Amino acid sequence: MTAVTGSGPWPGSDVLEAQMVVVGDLADTPSGVTGVPFTVRLPQRGPWGGPTGAAATVLVDLPTELGPHGWKLADRPGGDLARAQALRREDLDALAVAAHGFSGPLVIPITGPLTLAARLYLARGDRVVSDRGALEELAWSLAAGLTEHLADVRRLVPGAEPVVLLHEPLLAQAVAGVLPSFSGYSALRAVPAPVATELLGVVVRGARPGATQVVVHGGAAWTALRPAVAAGADGIALPLAGLDERAWEHIAEAVEQGTSLWAELPPLASSQCAGPDLRAHADALTVPWRRVGLPAEGLARATLLPPAPHAQATPDQARAALAAAVRAAELVAERAEG
């Protein structure tokens, strides 16, 4: 059956309310659609609850703190890390309440090693991604911490089957060598593709004991597909908007090799979840899928994601987008049956 889940970000500051909505809405989906709850992230709580701060709390033996330009490595744990860790505990407590009695797949989103290294700064220097030794240390630290995090999730929600969603929107930029330096006047040296693949693989393999699947979200760049697949990811997530024929040919190749596709739907043209607008929502996946020769029945194995909420989105708007993804999945499931 076609599945629907989310990538993690959610508007608002009440994590329990957000988690209750997500689990409740995705536990009650129509026949032919599998709703897969996900753990929410609330960036509106500030940098301590954003994607970098949340990932920093998972690192083992790599303390971090907030600097003038964002999170950076620190000599010792301090108040910023303690605040982010408190939010992580709050998130886990909310998950335990919202998912009480739940059993089945549960998506755990977290920032991947290359993107985290591109957003974190060295204690005294440029981005972590600019230092090969620091980059490797961060990947191993993240892998170890992710193992512990998944154990916490399984302990609090015994019936959960964790699916890790590694967010890597800056992976392609790191490999292409276009990330700006600290000064902004030059670009950082490219991370060789084999190195990026190996370090991504360190985290993918590190997650395996506690996860049933590991999926890599490559952000807007379809070129992240190749290193993600080579790193051993079970699936690749990509936004459908902007994918051209060449991108779909590479997607088809990956799908034929057994990699699952998590398709992030484009935003609806209107607030209404019906009629031509909703059909266009489903067409964004099914039309190019068939055009590149993939079998219609394979659509039943696809997973749909609503677009990530924009910065000014409300919880009601995020909920409506999730509902629209569920209804689009109904259409995709029908088309998978021929």
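Which helix lies across β5 and β6, and at what angle does it run to β5? Helix α5 (residues 132–156) lies across β5 and β6 (159–167), running at about 150° to β5. Axes are lines fitted to C-alpha atoms, for helices over the stretch in contact, and angles run from 0 to 180 degrees between N-to-C directions. Contact means heavy atoms within 4.5 Å. Helices (H or I, at least four residues) and strands (E, at least two) are DSSP runs, numbered from the N terminus.

This is a predicted model, in which local features need pLDDT of at least 70 and side-chain atom pairs count only at pLDDT 80 or more, while totals for chains, interfaces and linings use all residues. Residues are numbered from 1 along each chain as its sequence is written, and side-chain values use heavy atoms, with hydrogens and water left out.

**The sheet**

An open sheet is formed by eight strands in the order β2-β1-β10-β9-β8-β7-β6-β5, with parallel pairing. Two strands pair if DSSP finds at least two bridges between them. At the edges are β2 (33–35) and β5 (103–111), each of which pairs on one side only. On average, neighbouring strands of this sheet are turned by 25° against each other, direction ignored.

| Pair | Sense | Bridges | Opposite residues |
|---|---|---|---|
| β3 (residues 64–67) and β4 (residues 70–73) | antiparallel | four | Leu66 and Trp71 |

Strands β3 and β4 form a hairpin, with two residues between them.

**Helix α1**

Helix α1 (residues 15–26) has twelve residues and spans 16 Å from its first C-alpha to its last, close to the 16 Å expected at 1.5 Å a residue. The expected span is 1.5 Å times one less than the number of residues. At the N-terminal end, Asp14 caps α1, with a side-chain oxygen 3.2 Å from the backbone nitrogen of Leu16.

**Asp61**

In the loop between α2 (51–56) and β3 sits Asp61. Asp61 is not a glycine, yet has a positive phi of about 60°. Its relative accessible area is 69%, so Asp61 is exposed (over 50%).

Conventions. A polar contact is a pair of N or O atoms within 3.5 Å; within protein, one must be able to donate a hydrogen and the other to accept it, and residues adjacent in sequence count only if both atoms are side-chain atoms. Buried means under 20% relative accessible area, exposed over 50%, partly exposed in between (1.4 Å probe, protein chains only).
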